[in-house]
Amino acid sequence: MWNAGRETSSPGTDLSKNQAMKEKERLIKELQLITEERNDLRDRLRFLTERSMKNRPHFRPNPYYEDLERMEEVVMSILHNLEMENTEVHENNHKLKKEITFSR
């Protein structure tokens, strides 16, 4: 009679609760592993995309690269000056031709 008010669980429900707990633990562990893998991949992607070309392991800088850049700047400056000078000479030549034509 003292057991009359208590509900006893059947072995079937204990087994299903046990299986549910095991499945829950397995899913939690799987979720943790997937989350760790995602975070690792995200970190790798960030590392690769945020680094500059000079910091990449496969990039070996050319020791003469800076010298070549400076030489390019000098050459481009000279080219620009020559183009400006050519334009001035062309304009002066055009003015002189007008004066010659006018004086004839």
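Arg70 is partly exposed, at 47% relative accessible area. Here buried means under 20% relative accessible area, exposed over 50%, and partly exposed in between (1.4 Å probe, protein chains only). This is a predicted model: local features need pLDDT of at least 70, side-chain atom pairs count only at pLDDT 80 or more, and totals for chains, interfaces and linings use all residues. Residues are numbered from 1 along each chain as its sequence is written, and side-chain values use heavy atoms, with hydrogens and water left out.

The partner of Arg70 is Asp67. The two form a salt bridge, with the closest N and O atoms 2.9 Å apart. The term requires a side-chain nitrogen of Lys or Arg within 4 Å of a carboxyl oxygen of Asp or Glu. Asp67 is also partly exposed, at 36% relative accessibility. Both residues sit in helix H2; they are three residues apart, so about one helical turn separates them.

## Chain overview

The chain has two helices and zero strands. These are DSSP runs numbered from the N terminus: helices are H or I with at least four residues, strands are E with at least two. Helix H1 covers residues 11–50. Helix H2 covers residues 65–103.

Of the 104 residues, 1% count as buried. The accessible surface of the chain is about 10800 Å², and carbon and sulfur atoms account for 57% of that area. Accessible areas come from the Shrake-Rupley method with a 1.4 Å probe; for residues, only the protein chains shown count as cover.

The whole structure holds five salt bridges. Glu23, Arg26 and Glu30 are linked in a network of them. Arg26 pairs with Glu23 at 2.6 Å, N to O. Arg26 also pairs with Glu30, where the closest N and O atoms are 3.0 Å apart.

Glu23 and Arg26 are three residues apart in H1, so about one helical turn lies between them. Glu30 and Arg26 are four residues apart in H1, again about one turn.

## Nonpolar patch

Tyr64, Leu68 and Met71 make a nonpolar surface patch of about 360 Å². Patches take residues with over 30% relative accessible area and no salt bridge; like charges are joined within 9 Å, nonpolar side chains (Val, Leu, Ile, Met, Phe, Trp, Tyr) within 5 Å.

Met71 lies in helix H2. How exposed is Met71? Its relative accessible area is 52%, so Met71 counts as exposed.
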